[in-house]
Amino acid sequence: MLLVPEGDFIMGADEGGQEDEHPAHTVTLPAFWLDRTEVTNAAWNECVAASACRPKSDAVRRAHPDFEAPSQPVSGISWDDARAYCAWRGKRLPKEAEFEKAVRDGDGRRYPWGSDPPTSRTAVFAGARPAPVGTHPAGRGPYGHDDLAGNVWEWMEDEYDPWAYRRKTAAEGQPGTCAEILATLDDLRRHHAQGFTGSNPIPTECEHSIRGGAYNYDAEGLRSTNRVHHPGRYRIPMLGLRCAKDVTSP
């Protein structure tokens, strides 16, 4: 794990992307640890062997036999699966604000490596499969993390809140409660605001945030502010995880 230091950073954007990325605002976070890489198949299978995790989706395994290399990121796992794995390791899932800070540092960069558009040297995108983790060092983030953009999407701890950046808790990087989120989603539907949350339909339940883009996404989708969401039960080939951990005193 690599340390992300405490401090302020700019989360979100004032223009571009989707409406759920607006507005740009200052967030203050304590220091935390974040895995340098996405969790690999080899690491996941250790948890399965210990009877602490269930195997990845059989459907994903059958459809994508070329996703099974030990050093490739695990995918085809649900949000509950991801939480169970991190807990087994003595860790937790990262929060959405934590992930964005690990990507952006304090300079508001557009991608983990800076402002230059993605290339095959910096990220795995616009392709058919994920690469072994850590094989694109030119794309490392400001604190040394690999594959923060591309390869596989990553589950976040947070429930997805399209109005998170407008709430009183925005400066702490905290979304609303599930009840507040459901009320917000109902309001978006009443105002025919399809598109506010990107290309995915406006949810009818409390879903979970996912971050980072994936091997099959286009370059624009790898931007550091991009917010996507899925129901926690989803087990799909382009969605995996990495874990975080609080910084505690000795």
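**Entry 1**

I began by noting that the model is a predicted one. I then looked up the order of the strands, and I found four of them in an open sheet that runs β7-β6-β5-β8, with mixed pairing. I noted that β7 (228–230) and β8 (239–240) stand at the edges with a single partner strand each, so one side of each has no neighbour in the sheet. As a reminder to myself, I wrote down that strands of a sheet pair through backbone hydrogen bonds, either parallel or antiparallel. For β6 (residues 208–211) and β7 the sense is antiparallel, over three bridges, and within this pair I found Ile210 opposite Val228 of β7. I also looked for what packs on the sheet, and I found helix α3 (residues 79–88), which touches β5 (153–159) and β6 and whose direction makes about 90 degrees with that of β5.

**Entry 2: helix α5**

Next I turned to helix α5 (residues 178–190), whose 13 residues reach 18 Å from the first C-alpha to the last, close to the 18 Å expected at 1.5 Å a residue. Which residues of α5 are buried? I listed Ile181, Thr184, Leu185, Asp187 and Leu188, and I noted that they lie on the same side of α5, because they cover an arc of only 160 degrees around the axis. On the other side of the helix I found Ala179 and Arg190 exposed. When I asked what covers the buried residues of α5, I found that the cover includes β5, a strand that α3 touches as well.

**Entry 3: salt bridges**

I then went through the salt bridges, of which the structure holds 25. One of them joins the side chains of Arg54 and Asp81, at 2.7 Å from N to O. This pair links distant parts of the chain, since Arg54 is in the loop between α1 (41–49) and α2 (58–63) while Asp81 is in helix α3, 27 residues apart. Are the two partners buried or exposed? Arg54 is partly exposed, at 39% relative accessible area, whereas Asp81, at 8%, is buried.

I looked up Arg223 and Glu220 too, whose closest N and O atoms are 3.5 Å apart in their salt bridge; here Arg223 is buried at 8% relative accessibility, and Glu220 is partly exposed at 38%. Lastly, I recorded a network of salt bridges that links Glu96, Glu100, Arg104, Arg211 and Arg227.

Key: Residues are numbered from 1 along each chain as its sequence is written. This is a predicted model: local features need pLDDT of at least 70, side-chain atom pairs count only at pLDDT 80 or more; totals for chains, interfaces and linings use all residues. Side-chain values use heavy atoms; hydrogens and water are left out. Two strands pair if DSSP finds at least two bridges between them. Helices (H or I, at least four residues) and strands (E, at least two) are DSSP runs, numbered from the N terminus. Contact means heavy atoms within 4.5 Å. Axes are lines fitted to C-alpha atoms, for helices over the stretch in contact, and angles run from 0 to 180 degrees between N-to-C directions. The expected span of a helix is 1.5 Å times one less than its number of residues. Buried means under 20% relative accessible area, exposed over 50%, partly exposed in between (1.4 Å probe, protein chains only). The arc is that of the directions from the helix axis to the C-beta atoms. A salt bridge is a side-chain nitrogen of Lys or Arg within 4 Å of a carboxyl oxygen of Asp or Glu.
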